[in-house]
Protein chains: 2
Amino acid sequence: MATINQNYQKLPGCYLFAEIARRVAAYKEAHPEADIIRLGIGDVTQPLPQVCIDAMHKAVDEMAHQETFRGYGPEQGYPFLIEAIREHNYTKRGIQIASDEIFVSDGSKSDTGNIQEIFGLDNKVAITDPVYPVYLDTNVMAGRTGEMQENGYFAGVTYLPSNADNGFTPDLPKEHVDMIYLCCPNNPTGTTLSREALTKWVNYAKENDAVILFDAAYAAYISEPEVPRSIYEIPGATDCAIEFRSFSKTAGFTGTRCGYTVIPKTVTGKAADGSRVRFRDLWNRRHTTKFNGTAYIVQRGAAAIYTDEGQAQIKELISYYMENARIIREGLKSAGITAYGGINAPYIWLKTPNDMPSWDFFDKLLTEVNIVGTPGAGFGPCGEGYFRLTSFGDRENTKRAVERIKTQLHI
Amino acid sequence: MATINQNYQKLPGCYLFAEIARRVAAYKEAHPEADIIRLGIGDVTQPLPQVCIDAMHKAVDEMAHQETFRGYGPEQGYPFLIEAIREHNYTKRGIQIASDEIFVSDGSKSDTGNIQEIFGLDNKVAITDPVYPVYLDTNVMAGRTGEMQENGYFAGVTYLPSNADNGFTPDLPKEHVDMIYLCCPNNPTGTTLSREALTKWVNYAKENDAVILFDAAYAAYISEPEVPRSIYEIPGATDCAIEFRSFSKTAGFTGTRCGYTVIPKTVTGKAADGSRVRFRDLWNRRHTTKFNGTAYIVQRGAAAIYTDEGQAQIKELISYYMENARIIREGLKSAGITAYGGINAPYIWLKTPNDMPSWDFFDKLLTEVNIVGTPGAGFGPCGEGYFRLTSFGDRENTKRAVERIKTQLHI
């Protein structure tokens, strides 16, 4: 008889954003007049840069004529996009990445979720806590963890606490780990790891023959010059790190879907016979077997941001959101709320007043001032007592939300 | 230390289409003047229907304005597309499928490759032989098979021979199996299973608590009225079958990427505690955790084919390719070559003259008449002695290719 993948049963039934949607819907039904402002889910609100629009119109037209029509493209992505990525994000910054070490995809959620498939099930996984839930969930689904414990932690996973006490810079694990997920700038905390902290992780990975899975989906939001944009700015990282990047937040592609993964050929894992195998080759096999490339039209849109005009437009887009971040950050401060992030990332991570549980604060914010945010507990046990606001709203709503928090919220 | 997914090591190093590309490139280098006609890979050549072009232009424009911009959409797909699929492909044909049983994706290759993740590793897999390689490869990668044997078969997999001797209608397996991959119309043989044959499979699945994974990517090419377009036309199939559909061949979306999977809630599997779990719920969890929806622009393009105008345009597109199929089929016949398929599918499956091994016939066709096809052996051991030609070329090239086979090939 057909059996199910039993690992799925380990996952808690309710997904964070589904529960948020449920509570918001219930409130709205009871208060249909409520003017709700959403600063919860990390979705963008501003239109795509004009260069992307123009490039996609052109690509759509190409699909209308036999001479320029595109069928199956390379699963790894078109050279026009790969070369633009390589040049702008790596070569220009002094990082040597080969064209066949870059894999274009339909976004970082897919890539960071799928990457674990090329690793053995016996690898010990480490994740920072709190963090984007996909890393953990996909490892649970694959069977690389035990059951969830009463305290909210999964057995067999190494959690790396990251909070105000350690400056959001997790310590190296005491036990040995093999796969280390780092999200930098971090979702949800909006904080980054310094060059020094990243160097420690790279050294750990090299010494322990571990692999760092470095999610840099928010790299374009880094404003401080000393913060590394890529893990490969750290010496030795091309021997032990896989990097994920996305156009979602860089260029408003959350509904257009494009990202990429970089796997240097020097990142290898151990096979059963003791030989070393390139993860790049395994990923290439996975990518060509379980994926058929990103839409040509979308790849043309993504490539457009690498023109001078495109770079100017995404800079403007990012500045817009980061000005929102500044407004939220300073508004919270003047409301007497402690907050982190928002300098090198579009997320503001606030400490709930009086250590209020984060779901209680969610309800309070929703009912008192009609603002939707995201409870920190949804990102891991160490997120308890924290709360995420995003700067992806439009300016007017962001200002109104901050004004409400300052004047109407009873802290 | 980080270990690799050892199952990948079981896969043969050389992928079918990569080997074809290598041989063609080598020949071209030696004979730069050769006028090569490609009837090998199953990729379309004709432009997208105008309704899709128009819809995508409109969608691109929507992305340029804040009021109409779309960020994250539902991972399962937009209701406008799901409802159109439901209405046109199911309700109109008397099949009851609920909206939340349809999952839009970036294509059937992803879906047919990923679906096995929601099944336990202990399920016994059956595939027809020959068949599209993704079903087998993804099960190998997941660890649901043993090693590849010298005869080309993987241990632990039930192969269902499908050839001229049994009218390309495989027998039910003698041993018990749990997951049954059926591709209908079949890639590569271009043949279909009758209502009677499909009924046997559905009955087998129901009696044995097995699940049929029914790949109907080529359903739009079925011309004979008695051939089922959907597995759900067979009574009982909604209890035991998952269906995959694609816009790739239906509307020329190979480079635009859209498909969908249908999982009725009544299709369940056994959990460790003996309870029954809906595969639909597991797929929903997978889809929302490891995928972030298909591009809005692409979904708008796909939905456009369900208008009256769209239906007329895809009918014309399919007729164009099916006329190519007729030309190839009749050309082969008059050249004295036995061929199958090409009536309800865009593939022609020919028996190699004098039982020539299929790779030898590949070389012969390439060197004697400069035509690229696909060796049957690449689709499974039972494909040996057969060869696939596709009708996706343009008319002129198809005619020229057939003329060459008739007049220049030494059989």
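**Exercise 1. Which residues of helix 9 of chain A are buried, and what covers them?**

Step 1: list them. In helix 9 of chain A, the buried residues are Tyr296(A), Ile297(A), Val298(A), Gln299(A), Gly301(A), Ala302(A) and Ala303(A). Buried here means under 20% relative accessible area, while exposed means over 50% and partly exposed lies in between (1.4 Å probe, protein chains only). Helices (H or I, at least four residues) and strands (E, at least two) are DSSP runs, numbered from the N terminus.

Step 2: find the cover. It includes helix 2 (50-62), helix 3 (79-90) and strand 2 (102-105) of chain A, along with helix 2 (50-62) of chain B. Contact means heavy atoms within 4.5 Å.

A quick word on the model: it is predicted, so local features need pLDDT of at least 70 and side-chain atom pairs count only at pLDDT 80 or more, whereas totals for chains, interfaces and linings use all residues. Residues are numbered from 1 along each chain as its sequence is written, chains are lettered from A and ligands numbered from 1 in the order in which they are written, and side-chain values use heavy atoms, leaving out hydrogens and water.

**Exercise 2. Which strands are joined to strand 15 of chain A by bridges, and how many bridges does each have?**

Step 1: take strand 12 (residues 347-351) of chain A. Five bridges join it to strand 15, and the two run antiparallel. Two strands pair if DSSP finds at least two bridges between them.

Step 2: take strand 14 (residues 374-375) of chain A. Two bridges join it to strand 15, again antiparallel; here Pro375(A) partners Phe387(A).

Step 3: check the faces. In a regular strand the side chains alternate between the two faces of the sheet. Tyr386(A), Arg388(A) and Thr390(A) sit on one side of strand 15 and Phe387(A) and Leu389(A) on the other, all of them buried.
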